[in-house]
Amino acid sequence: MTEQQRYTVVSAHVGYEVRVYPAHLLAQVDAAGSFFEAGNRGFGPLIRYITASNISMTAPVIQAPRAEKTYTVSFVMPAGATRVPAPTDASVRTVEVPERRVAARRFSGGSNETRYQQNADALEAALARDGRAAMGPVYFARYDPPWKPGFLKRNEALVALA
């Protein structure tokens, strides 16, 4: 079973929940292309890094917009990891993320960019309705392998809160 990133649910609201994620490490790569092209391009260097470093795969895989047609794709390092081997691929970097408060909207479905955008818009609308301020753009978490049927897949739209 794949380890899932830990978090604590602080509160539940119509359309989202507020979570606190403890400090953690990410392995990241920037990739160009459409949302799904970038996700596929970013996955390769990251899987090679964790395989070569004997690091277990975890969930979710995170994808965040960086610039026009460029995304940052991230693997969450296993819980408790405070140091990991330095990447040998110059495109891969490791980043320490401090504890943070995040709004999350969970949804199911396969690789449909429209579905992702609809959930990002719904999350932003729910936060605006509740007077909550976001810090940065909405990003996405995918928990399941590509071969899992879409209706069973767990996806999330997330945004850091001020």
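Guide: Going by ring-centre distance, there are nine aromatic pairs in this predicted model. Take Phe-35 with Tyr-116: their centres are 5.1 Å apart and the planes make 45 degrees, a tilted pair. Phe-35 belongs to helix H1 (residues 35-52) and Tyr-116 to helix H2 (residues 113-129), so this contact ties together parts 81 residues apart in sequence. Both Phe-35 and Tyr-116 are buried.

Phe-35 has another partner, too: with Phe-140 it makes an edge-to-face pair, 5.4 Å centre to centre and 90 degrees between the planes. Here the link runs from helix H1 to strand E10 (residues 134-142), where Phe-140 lies, so the pair ties together parts that are 105 residues apart in sequence.

Now step back from the individual pairs. Phe-35, Tyr-116 and Phe-140 are among the members of a cluster linked by ring pairs, which also includes Phe-36, Tyr-71 and Phe-107.

Rings also turn up with charges over them. Arg-154 lies over the face of Tyr-143, 3.8 Å from the ring centre. Likewise, the charged end of Arg-19 sits over the ring of Tyr-7, at 3.9 Å from its centre.

In the hairpin of E2 and E3, two residues separate the strands, and Gly-15 takes a positive phi near 95 degrees.

Definitions and conventions: Residues are numbered from 1 along each chain as its sequence is written. This is a predicted model: local features need pLDDT of at least 70, side-chain atom pairs count only at pLDDT 80 or more; totals for chains, interfaces and linings use all residues. Side-chain values use heavy atoms; hydrogens and water are left out. Two strands pair if DSSP finds at least two bridges between them. Helices (H or I, at least four residues) and strands (E, at least two) are DSSP runs, numbered from the N terminus. Rings of Phe, Tyr and Trp (its six-membered ring) pair if their centres lie within 6.5 Å; planes under 30 degrees apart count as stacked, over 60 as edge-to-face and the rest as tilted. Buried means under 20% relative accessible area, exposed over 50%, partly exposed in between (1.4 Å probe, protein chains only). A charge sits over a ring if NZ of Lys or CZ of Arg is within 6 Å of the ring centre and within 35 degrees of the ring normal.
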